Amino acid sequence: MARPLTASNESPDTARPGPDERALNQTSKPAAGAGPTADADNVADLTGVDFAIDGRAIFRKLDIAIRRGEVTAIMGPSGTGKTTLLRLMTGQYRADAGRVSVEGRDVATLGRRELYAMRRRIGMLFQNGALLTDLDVFENVAFPLREHARLPERLVRGIVLTKLHAVGLRGAARLHPQQLSGGMARRVALARAIVMDPQLLLYDEPFAGLDPISMGVVMRLIRSLNDALGISSVVVTHDVREISQIADSSYILSGGQVVASGTPAELREHPSPVVHQFMDGLADGPVTFHYPAPDYPAQLLDRSEGA
Amino acid sequence: MTGLLGEIAANTRSFLARLGALTRFLGQVLWQVPVTLLRPRLVVEQVYNTGALSLVIIMTCGLFVGMVLGLQGHDLLERFGSEEALGTGAALSLLKELGPVVTALLFAGRAGTALASELGLMRATDQLSAMEVMAVDPMRRVVVPRFLGGAIAMPLLTAIFIAVALFGVQLVGVQFLGIDQGSFWSQMRGAVELADVHEGLIKGVTFGIACSLIAVFEGYNAEPTAEGVGRATTRTVVISAVVTLVLDYILTALML
C-alpha cells in the first residue's frame, strides 16, 4: 500500500490490525448504514448513552458506532452536543448512563493512567486549532513528542518536518500561531494531532469559518490522512455538502438522539422531514425558525408590555 | 428582612464553597510539586516571567517608597531630635512590614494578573483542553510551574525591594537632608536583629504562595469567555490584596 504522507506510522502495538487487514477494511465498505452493534470492526462505540449538563439533557439513549478505517460524519444543527460527543469519547466527560468504549474498552472504567494511555492513541483537531500561543509552529507540533517521548533532537526534527510537510506547512515551521490564517492554524493543529500516530482522529468542526480553498484542502487532507495512515476518523460538522463528499457513513443528531444514519446517498433519500430539512438547509421545518414566542399580532397590539 | 438574611446565607455559602475549592486546588498543586521539580526548566522559565519581568516596577516603586520614608521619617524624628534613628526606623519598618506587603501588592498587580489572564485565555481558547486530549496534564505542565515560579520569585523580589528602598532612605536622609552617614548605618546595624529579617522572609514566602495560588486558581477556573477572563484578572488583584493584608495581620500577631 502506498503511503505518501508519512513514513513513521508504524508503532510496535501488536493489538492493532496489520496493514493487510487495514487495506481490506478500506476496500470493503459496507453498503448499509452502520448500525450500533458492538463488534471488533468498530474502533469506538456509544451504546445507550445518557448525558446531561447542569440538568439539561444533551443525549438520551444515544447509539453510535465508529467503524474502523472509515470516515464517519456526525452532523446536526448547532447546539445538539456534537462537540460534547467528542469529549465523551476522549473521556473528558463521563456519560451519566450507557457505555462509551474506545478500542473495546469502556472509557468510564479507565484509571487516570490508562485514560492517558488511551488518549495518546487519539488525535483531536479543535475547532479553532487550540495551538499553544507561546510556542511556534514547529514546537507546537513537537509538543506531544517532547512530553511523551525522550527522542534525540534529530529524530524529533525529522518527525515534525514530515508531519508539517504532510499538511503543506513545512515552510511555516518558525511562524507563531498569531501569524497564521485560520486555515493554516487548523492544518498545523492537524499536523500536531497526527504526530503521535493515532489510531483515531477526531475533528471538531474542521470546516467552520474557512474560505473555499482552505476548505477543499482540509477536506482532502481528512480523506487522504485517513486512508494513507490506515486510521479511523470522526468528523463533527454541519457543513453537509463538504462532508458528504468524503464521509463513508454519517449520523444526523437532533434532540439528543440519532435521527438518521447511513451513507450520504442514503441520507439524501431519507423520508424523515428533519433529515430533509437539514440536508437541504431549509429555514423552517420540524426545526422551527422561530424561538417559542406568544402570538405575534396579539403581542404587537398589547400596550401593557413596555411602551 | 428574610431576603437580607437569605442573601447573607447564600453569600456565605458561596464564599465557603470557593474557599473549599481553593483549598482542594492547593492540595492538587502541592501534590504535583515534586514531579514538576524534575523539570526545572519549566520552573526557571516562570521565575523569569514572573520575577525578572517584574524587576523594573519593583525597583522603581522601592526607590520611591524609600525616599518618602526618608522624608517622613526625618520630619517625624526631627521633632524628637533623633534624626540619626532614621536608618533604624526605616530598616525595621521596611523589613517587617512595608517590604513584604508592598511587594505582594505590586506582585499581584503585575505578575498575578499576567498569570490569571494567560491561564484564562488558555482555557478560553481550548489550549488546556487540547493538552488533556494530548494526554498532557495541564496542572503539571502549566499550572504548577507557574505557581512555583511565582512562589520562588516573590521572596527574591521582596529582598530586592527592601534593598532598593533602603538606598532611597539613605539618599534622602543622608545625601539630601544631611544626617550623619556613620550613625545612620551603625544605628541600623545595632538595632536590626536576625529575627526581624526572618519575619520579613517568612512574610515574603507566605505572600508569594498566597498570591501565586490565587492567580493560578482564578485563571485556571476562569469562565472561558472574554468577560470571564477579565473578571478572573480583577478578582486576582482584589482577592490577593485583601488576603495579603489579612495574612499580614495574622503573621504579625503571631511573631511579635
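Biologist: How many helices and strands are there in chain B?

Modeller: Helices (H or I, at least four residues) and strands (E, at least two) are DSSP runs, numbered from the N terminus. Chain B has nine helices and zero strands, and its C-alpha atoms fill a box of roughly 65 × 55 × 30 Å along the principal axes. Do keep in mind that this is a predicted model: local features need pLDDT of at least 70, side-chain atom pairs count only at pLDDT 80 or more, and totals for chains, interfaces and linings use all residues. Residues are numbered from 1 along each chain as its sequence is written, with chains lettered from A and ligands numbered from 1 in the order in which they are written.

Biologist: What share of the residues of chain B count as buried?

Modeller: A residue is buried if 20 or more other C-beta atoms lie within 10 Å of its own, exposed if 12 or fewer, and partly exposed in between, with C-beta atoms placed from the backbone. By that test, 46% of the 256 residues of chain B are buried.

Biologist: Which residues touch the most other members of the largest nonpolar core?

Modeller: Such a core is a set of buried Ala, Val, Leu, Ile, Met, Phe, Trp, Tyr and Cys residues joined through C-beta atoms within 7 Å. Here the largest one has 142 residues, and A191(A) and L202(A) touch the most other members. Its largest share, 19 residues, comes from helix α4 (residues 86–124) of chain B.

Biologist: And what is L202(A) in contact with, beyond its neighbours within four places in sequence?

Modeller: Contact means that two C-beta atoms, placed from the backbone, lie within 7 Å. For L202(A), the partners are L86(A), M89(A), I122(A), M124(A), L125(A) and V234(A).

Biologist: Now the sheet in chain A: what is the order of its strands?

Modeller: Two strands pair if DSSP finds at least two bridges between them. This open sheet of six strands runs β6-β7-β8-β3-β9-β10, with mixed pairing. Strands β6 (122–125) and β10 (257–262) of chain A are at the edges with a single partner each, so one side of each has no neighbour in the sheet. Further in, β3 (residues 71–75) and β9 (residues 249–254) of chain A run parallel and are joined by four bridges; I74(A) has Y251(A) as its bridge partner in β9(A).

Biologist: Which strands does α6(A) lie across?

Modeller: Angles run from 0 to 180 degrees between N-to-C directions, using axes fitted to C-alpha atoms, for helices over the stretch in contact. Helix α6(A) lies across β6 and β7 (200–204) of chain A, at about 170° to β6(A).
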